[in-house]
Amino acid sequence: MRRPPLPKLPSRLPVDGYILALVGTVAMAALLPARGPAATVSEGAATGAVALLFFLYGARLSTREAMDGLRHWRLHLTVLACTFAVFPVLGLAARALVPQILPPTLYTGLLFLCLVPSTVQSSITFTSLARGNIAAAICAGSFSSLVGIVVTPLLAGLVLHGNSGGFSAGSLVSIVCQLLLPFLAGQLLRRWVGNRLTRHRKALGYVDRGSILLVVYTAFSAGVVQGIWHQVSALRLLCLLGVEAVLLAVMLSVTWYGSKKLGFHRADRIAITFAGSKKSLAAGLPMAGVLFGAQAGLAALPLMVFHQMQLMVCAVLAKRLAASAEPEPTVVVAGAAAGSVVAGDAAGDADAVVSGARG
């Protein structure tokens, strides 16, 4: 008698592998947090990893392609306005939810989420899947990442004062030293190292992700040691999930219908929708570590939840837009190569596309 065949595991998980790695890192920090000398070593390694991460960003970001994309300036200004104006306004409006729905600690993380730049790679992926303006998505995401290195800490200094607990002018200095200076160094050395980095993009992707996992472990370990996780209940986390679902729905609506009111064509509207409604985990986590210190674990939690949510929702949306698209030539930005890849957000989003976006 033949044995029944063993059930096969699904070839595609509903959650991308990088998110699973992040969850595993958080679990390891909860069970085996770094203490004493180990914490000192972990913090030093995380600081060095962040500097390396942004050096690689700078060395791989094509300044020429970004400058060529300026010809489509209306689209890029629209994405920047959504990322650094509409999002923060909604974050400030969510202050009305404290403390009945969100505790102050989670609200601070939600507000920080609204300040970080947009993604690059996943915005390109979803724009391509939905038959949108790929070149515009490349340039818009690149500009957002570049501008966010300066604008995000400045906005944090304005709106997080009195909420973050540890935010100060010294935090801005740390941002400059750990993020901006390495990024500028990478841009200056791109002429000599850019081609080599491009040839080893896959290996560098592991370096990028490993650096972020180290930052996550250090931040969450500090939170566990200080007992900050006792401040949040399961019910509050469910409330956070609901608030972020509403936030994402509002931003998708604003970017899609708002871009129509502004007179953009369908291909441009698709690029604006995916670039203007998303937030970068890769850029946000290192900044959270610098700005919030021991509180970075809780501050980064809303961003981690939103990141996975946006991938799942945008995968479904991209498929529906592709199915409803009429056959028409794709609009491209003059001077920008549609097939090129800009790595301003490669760390957190290089493979962060859920199974629905790969079909």
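Helices here are DSSP runs of H or I with at least four residues, strands are runs of E with at least two, and both are numbered from the N terminus. This is a predicted model, in which local features need pLDDT of at least 70 and side-chain atom pairs count only at pLDDT 80 or more, while totals for chains, interfaces and linings use all residues. Residues are numbered from 1 along each chain as its sequence is written, and side-chain values use heavy atoms, with hydrogens and water left out.

**The whole protein.** Colour by secondary structure: you will find 15 helices and zero strands. Of the 359 residues, 51% count as buried (under 20% relative accessible area with a 1.4 Å probe, protein chains only; exposed is over 50%, partly exposed in between).

**Select 36-60.** This is helix α2, whose 25 residues reach 37 Å from first C-alpha to last, close to the expected 36 Å (1.5 Å times one less than the number of residues). Its buried residues include Ala39, Ala46, Val50, Leu53 and Tyr57.

**Zoom in on serine 42.** Beyond its neighbours within four places in sequence, serine 42 is in contact (heavy atoms within 4.5 Å) with Ala34, Leu214, Tyr217 and Thr218.

**Select 73-93 and 134-159.** These are α4 and α7, whose axes come within 9 Å and cross at roughly 35°. Axes are lines fitted to C-alpha atoms over the stretch in contact, and angles run from 0 to 180 degrees between N-to-C directions. Show side chains: Leu75, Val79 and Phe84 are among the α4 residues in this contact, and Phe143, Val147 and Leu155 are among those from α7. The contact divides into 14 nonpolar, five polar and no charged residues (Ala, Val, Leu, Ile, Met, Phe, Trp, Tyr, Cys and Pro are nonpolar; Asp, Glu, Lys and Arg charged; the others, Gly among them, polar).

**Last stop: 121-129 and 266-276.** Helices α6 and α11 pack at about 150°, their axes 9 Å apart. Ser123, Phe126 and Thr127 of α6 meet Ile270, Ala271, Phe274 and Ala275 of α11. By class, that makes five nonpolar, two polar and no charged residues.
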